[in-house]
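Open the model in your viewer and keep the selection tool at hand. Each stop below gives something to select and then says what is there.

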Amino acid sequence: MGVAQAMEALTKRAGLMKESLQKSQTITDNMVGILGSFDHRLSALETAMRPTQIRTHSIRRAHENIDKTLKAAEVILDQFDLSKKAEAKILRGPHEDLESYLEAIDQLRGTIKFFSNNKMFKSASGVISHATGLLSKALSKLEDEFRQILQNYSKPMEPDRLFECLPSNLRPSSEGEGGGGGGKSHDPHHKSLENAIFTVPTVIPPRVLPLLHDLAQQMVQAGHQQQLFKTYRDTRAAVLEQSLRKLGVERLSKDDVQRMQWEVLEAKIGNWIHYMRISVKLLFAAEKKICDQILDGVESLRDQCFGEVTVNSVAVLLSFGEAIAKSKRSPEKLFVLLDMYEIMRELQPEIELLFGSQPCTEMKDSALNLTKRLAQTAQETFADFEEAVEKDATKTAVMDGTVHPLTSYVINYVKFLFDYQSTLRLLFQEFDCKDPDTELGAVTTRIMHALQNNLDGKSKQYKDAALTQLFLMNNVHYIVRSVRRSEAKDLLGDDWVQIHRRIVQQHANQYKRVSWAKILQCLTVQSSGSGPVDNSSISRASVKDRFKTFNSQFEELHQRQCQWTVPDSELRESLRLAVAEVLLPAFRSFLKRFGPMIESGKNPQKYIRFSPEDLERMLNEFFEGKTWSEPKR
């Protein structure tokens, strides 16, 4: 019963659902019909609206085109306006307001570029032509302005202004130019230059440099590099050369140098050293500084300009050095050659820095070649000096046996050499010397040996053997004393000094033997046997002869050797004492033993003319270099 009821209920529900579906289908069919009707109406409406839409789109596009045209016209009008303003500024010229003038040139370039890119405009070609002509005139005025400003502010440097830029110890003193004089000024200057401050002078006011830089940039941008180069080179080169002439620099040839007296040439070399230092450290450095600032950003033109500005000035300076290096060698030139070599070595870092670019290579190489040539000439002069010392054939004899001029000349020469020790080390290294100190010692030893050989030859000019020994003693003593008081002692060594001191003593002993042996024989009485001498065995006449011979010989020695000279006071006193220690005891002994034999006879003063005190006093007159006309003391 229950199942049958459930089935019946389900059947009723299925029938209801079927009925609902049929109604829903009917509604759907009705909606499709309605929508179909709408679609038809919309198609009709769209067809009716299409002409209106087309007209609206055309109007919108027309508005957009009008806006674009107005904007383009505005840009063109702005270009015309800016061009007109630029033209007005350019016609006024750059004098009133250079900055505005440069802006106007930039604006003209902009105008030309604009119309070149928009040639479809009817008036474009005319505008371009007008603006190009105006730009050409503007740039021409710009070149004139650059030239005018550069010339107005380019003035030669007065020497006093340059001297103020030097360290105080290199400034001219009341005695003359502060850099001259070769070896005389060498030592004090050289030792204090390591930390010296050189102040690069201001050759163009700093406020002007940015203007010149801007003008130069405009000229380069316009393709006028050659005009810029020529203007800059001609102006600055002339001013630099004038500055050097005011300083005292002059062009001298090798023939000019050869004709000069040595004193004049030595002064000019000293001045040249001063000029080189001022030129490189001050003038060329200042030129490099302003060239870098004015032509900043134009590297190729900048380096070329600096090279061309300085080339003539560098050539004038180096030509003098070349003339000296190539001139006839002589010993006195060695020190100025070393001075010149030293300044070139001192300036070498600055020269390589200033002239390191490709356009300046030739100048840098010329300076380095001069340094090497000076070194070569100095070394050859060195060798010439050694040979000249050994072969010196001057016949001028020093009649009093004093120090020969050659000795004092050579010793002073060597002393000067030791003022140049650091320079000589550099010079030896130029020729691949591995131990400059050893080389300097060897050179000094050779010079001393050459001098002694020459003195030995000169000593043979004396006919008096005693004077020969005195001459050699004086000269070797002078050499030893000078070496001991100089830096040569460190190189020659203590052994060298001791050996030569013994040589001095040997010559002193030889002098005593040769000069006094004969007179001492007068005071010596030898016995016939092995016992003491008996006074009775010697006759009065023999004693008288001995006293007379002694008197004669001593007076002759006194007269002659008072004219001889021992210039060193200590050596002079030492030699007198050595003679007195031999002579006076012998004389006292002889006088004591044989004096009474004479005093008891007639005219004893005729034979006993001197007392020991007289002899001592007269010995103290020896070696004073008295002339014949001077009275005895």
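This is a predicted model: local features need pLDDT of at least 70, side-chain atom pairs count only at pLDDT 80 or more; totals for chains, interfaces and linings use all residues.

Beyond its neighbours within four places in sequence, Trp516 touches Tyr511, Phe554, Leu557, Val579, Leu583, Leu619 and Phe622. Show those side chains together with Trp516.

Now widen the view to the largest nonpolar core. That core has 155 residues. Trp516 and Phe554 have the most contacts inside it. Which helix gives the largest share of this core? Select α9: 15 of the core residues come from there, the largest share. As a general point, nonpolar side chains in soluble globular proteins tend to be buried together.

Colour the contact of α9 with α10 by class: 15 residues are nonpolar, 4 are polar and 6 are charged.

Next, turn to charged pairs. Side chains of opposite charge can pair when their charged atoms come close. The count of salt bridges here is 31.

Pick Glu250 and Lys268. Their closest N and O atoms are 2.6 Å apart, in a salt bridge. Glu250 sits in the loop between α7 (225–247) and α8 (254–259), while Lys268 belongs to helix α9, so the pair ties together parts 18 residues apart in sequence.

Then select Lys288, Asp292, Glu299, Arg302 and Asp303. A network of salt bridges links these residues.

Move to helix α21, residues 612–619. Select Arg617 and Asp614. Their side chains meet in a salt bridge, 4.0 Å from N to O. The two residues are 3 apart in α21, so about one helical turn separates them. Arg617 is partly exposed, with a relative accessible area of 38%. Asp614 is also partly exposed, with 24%.

What joins the side chains of Glu621 and Arg617? They meet in a salt bridge, 3.8 Å from N to O. Is Glu621 buried or exposed? Glu621 is buried, with a relative accessible area of 1%.

Step on to Phe623, in the segment after α21. Check its backbone. Phi of Phe623 is near 65 degrees, a positive value in a residue other than glycine. Most residues other than glycine have a negative phi. Phe623 is buried, with a relative accessible area of 1%.

For the last stop, select Lys518 in helix α18, residues 494–522. Lys518 is exposed, with a relative accessible area of 57%. How many residues separate Lys518 from Gln553 in sequence? They are 35 residues apart in sequence, and their C-alpha atoms are 8.7 Å apart in space.

Technical notes
Residues are numbered from 1 along each chain as its sequence is written. Side-chain values use heavy atoms; hydrogens and water are left out. Ala, Val, Leu, Ile, Met, Phe, Trp, Tyr, Cys and Pro count as nonpolar, Asp, Glu, Lys and Arg as charged, and the others, Gly among them, as polar. A nonpolar core is a set of buried Ala, Val, Leu, Ile, Met, Phe, Trp, Tyr and Cys residues joined through side-chain atoms within 4.5 Å. Buried means under 20% relative accessible area, exposed over 50%, partly exposed in between (1.4 Å probe, protein chains only). Helices (H or I, at least four residues) and strands (E, at least two) are DSSP runs, numbered from the N terminus. Contact means heavy atoms within 4.5 Å.
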